Amino acid sequence: MGFKCGIVGLPNVGKSTLFNALTQTAAAQAANYPFCTIEPNVGEIAVPDPRLEKLAALAKSAEIIPTRISFVDIAGLVRGASKGEGLGNQFLANIREVDAVIHVVRCFEDTDVTHVEGRIDPIADIETIETELMLADLESLEKRVDALEKKAKGNDKEAKETLGLVNRALALLREGKPARLMDRKPEEEKLFHGLGLLTSAPVLYVCNVDEASAATGNAFSRKVEARAKEECAMSIVISAKIESEIAMLPPDERADYLAAVGLKETGLDRLVRAGYALLHLVTYFTAGPKETRAWTITQGTKAPQAAGVIHTDFEKGFIRAETISYDDYIASGGEVGAKEAGKMRLEGKDYVVADGDVMHFRFAT
């Protein structure tokens, strides 16, 4: 399991430039005019994790297989997208398919790059996009109420539960608040997700700043950060221009470039870390002579379900998991040393897998 992020924003905020840099491709045409990205571009990349190489060295692995993350570059939304303006319906549908929304916000001034609404105001930009998504959700939910009410009157249990969620979501949206802020119980998550609401996905605001502000941010990005805190979202600062320059460099020259511009890591590293936190994801590893591999799961996942990410048979026939923490694996010089030091644990069906666990699953066929 990796995760899929949809990159959204107004035209000319740097979405496609960021997409190209993150995926290190030129698949998305970056141009200074709206709708240069007519079809959503999808790029899949390896998730950077320095732990993999250390594990592989100790396990003497022939291959390293990282987990993956997908980015979907969705064409620039505009005011009126919820009513089909700017091919809005097509692009809104693409947003329903992602796990998280990366909302790129313009936080730089440049007279050479036009703004679709003629001013630099990141909060107004955020509200334009959010309003269009909320309007689309309102229309979608209002169309379902009558049919759900009829089914609910016929004692359809799922219809009653769904109707309750729909009415609560409608109340929130009518207050001008996104559906993701709706209080809900864990057992309601599946039904809530099934509503397919555009404003239900968690949001990470990416403040696209000028090169001079890449390390510290600026007045624009600080406004976005404050907005993100208010709505329990997340925000990071990235210079898409710097990221595009880093993507063109050989890997062995990137560290020096980053240091020269006052950065300790790439925007990709920060974005992935923020994305994992946003979606409550963790990584566990399998390591051996054949390969060292990273696997992504949701926080709170128990051992059998974690095993099922590798293969459904592992979950069905789960017996136990031989588990070594990453720190113990490294400190002990590998699996054999960890076993000799008593650092390998036998965990059962109720064990909640922790980030960094190195695991070997025993299962019955």
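This dialogue discusses how to read several features of a predicted model.

Biologist: What share of the contacts with a separation of 6 or more joins residues 24 or more positions apart?

Modeller: Such pairs account for 68% of those contacts in the protein.

Biologist: Let us turn to a single residue. Is Thr-301 buried or exposed?

Modeller: A residue counts as buried when its relative accessible area is under 20%. Thr-301 has a value of 15%, and therefore it is buried. Thr-301 belongs to the loop between β9 (292-298) and α12 (303-310).

Biologist: Which residues does Thr-301 touch, leaving aside those up to four places away in sequence?

Modeller: Thr-301 touches Ala-306, Tyr-351, Val-352 and Val-353.

Biologist: At what angle do helices α4 and α6 pack?

Modeller: A helix pair may be described by its angle, its axis separation and its handedness. Here α4 (residues 122-142) and α6 (residues 157-174) pack at about 145°, with axes 10 Å apart. The crossing of α4 past α6 is left-handed.

Biologist: Which residues meet between α4 and α6?

Modeller: From α4 come Met-134, Asp-137, Leu-138, Leu-141 and Glu-142, which meet Val-166, Ala-169, Leu-170, Leu-173 and Arg-174 of α6. The residues of this contact comprise seven nonpolar, three charged and no polar.

Key:
Residues are numbered from 1 along each chain as its sequence is written. This is a predicted model: local features need pLDDT of at least 70, side-chain atom pairs count only at pLDDT 80 or more; totals for chains, interfaces and linings use all residues. Side-chain values use heavy atoms; hydrogens and water are left out. Contact means heavy atoms within 4.5 Å. Helices (H or I, at least four residues) and strands (E, at least two) are DSSP runs, numbered from the N terminus. Buried means under 20% relative accessible area, exposed over 50%, partly exposed in between (1.4 Å probe, protein chains only). Axes are lines fitted to C-alpha atoms, for helices over the stretch in contact, and angles run from 0 to 180 degrees between N-to-C directions. A crossing is left-handed if the near helix is turned anticlockwise from the far one by less than a right angle, and right-handed if clockwise. Ala, Val, Leu, Ile, Met, Phe, Trp, Tyr, Cys and Pro count as nonpolar, Asp, Glu, Lys and Arg as charged, and the others, Gly among them, as polar.
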